[in-house]
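Have a look at the structure first.

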Amino acid sequence: MNVMRSNVMINIQQGGIYLLPGCCDPFNEKALRASRGASFQLPIVSGSWCHLQTLKMEFQMKMLAGHPDSNRLSKPVSSLSQEFVDSLSDIPLCLVLGSEGHGLSEKSQGECELVSIPMAGDYESLNVSVAGGIFLYMLQPIK
């Protein structure tokens, strides 16, 4: 739920949070404490992939999913960079993040363009709230 707090802190004017099946309840006690009230400052909707696909078509959104870069994938993974972000200007975006333990679902990996955060050292991933904050900051529209 810290991703919600990051969303509010970055002050993204349009958009909200879409919760797919399996996401935690943003209004349970632990999530409310972690979000520091951000759950009440954002539009939050839950639904299925079918509903999200309808929103994608209606708003002409590009679906991006945070994913560690890996040679084991048959699908290419783009690197989050200023050049990549600039290529997305004026395109409505939907950012999909997986769970801490299981990562992205197969459906998410298949439906979204996979994007990784470049990392130095031997690290292969970040926790989802840190990664989400980086993605939100980098992908925010230029004001």
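Glu113 is partly exposed, at a relative accessible area of 24%. On the scale used here, buried means under 20% relative accessible area, exposed means over 50%, and partly exposed is in between (1.4 Å probe, protein chains only). Bear in mind that this is a predicted model, where local features need pLDDT of at least 70, side-chain atom pairs count only at pLDDT 80 or more, and totals for chains, interfaces and linings use all residues. Residues are numbered from 1 along each chain as its sequence is written, and side-chain values use heavy atoms, with hydrogens and water left out.

What does Glu113 form a salt bridge with? The partner is Lys62, and the closest N and O atoms are 3.0 Å apart. (A salt bridge is a side-chain nitrogen of Lys or Arg within 4 Å of a carboxyl oxygen of Asp or Glu.) Glu113 sits in strand S6 (residues 113-116) and Lys62 in strand S3 (residues 62-66), so the pair ties together parts that are 51 residues apart in sequence. Helices (H or I, at least four residues) and strands (E, at least two) are DSSP runs, numbered from the N terminus.

The structure holds two salt bridges. The other pair is Lys107 with Glu111, with 3.3 Å between the closest N and O atoms. Both of these residues belong to helix H5 (residues 106-111), where they are four residues apart, about one turn of the helix.

| Residue | Relative accessible area | Class |
|---|---|---|
| Glu113 | 24% | partly exposed |
| Lys62 | 28% | partly exposed |
| Lys107 | 40% | partly exposed |
| Glu111 | 27% | partly exposed |

Now for the sheet. Strands of a sheet pair through backbone hydrogen bonds, either parallel or antiparallel. In this model, four strands make an open sheet in the order S4-S6-S3-S5, with parallel pairing. Strand S4 (77-79) and S5 stand at the edges with a single partner strand each, so one side of each has no neighbour in the sheet. From one strand to the next, the twist averages 35°. Two strands count as paired if DSSP finds at least two bridges between them.

S3 is joined to strand S5 (residues 93-96) by four bridges, and the two run parallel; Met63 has Cys94 as its bridge partner in S5. With S6, S3 pairs over three bridges, again in the parallel sense. Leu64 stands opposite Glu113 there, while Ala65 faces Leu114. Four of the five residues of S3 are buried, so this strand is largely enclosed by the rest of the structure.

Ser116 is also in strand S6. Is Ser116 buried or exposed? Ser116 is buried, with a relative accessible area of 5%. Leaving out residues up to four places away in sequence, Ser116 touches His67, Pro68, Asp69, Val77, Ser78, Ser79 and Leu80; a contact means heavy atoms within 4.5 Å.

One last stop is Phe40, in the loop between helix H2 (29-35) and strand S2 (44-46). Phe40 counts as exposed, at 61% relative accessibility. Not counting residues up to four places away in sequence, Phe40 touches Phe27 and Leu32. Phe40 and Phe27 are 13 residues apart in sequence, with 8.9 Å from C-alpha to C-alpha.

Notes:
Axes are lines fitted to C-alpha atoms, for helices over the stretch in contact, and angles run from 0 to 180 degrees between N-to-C directions.
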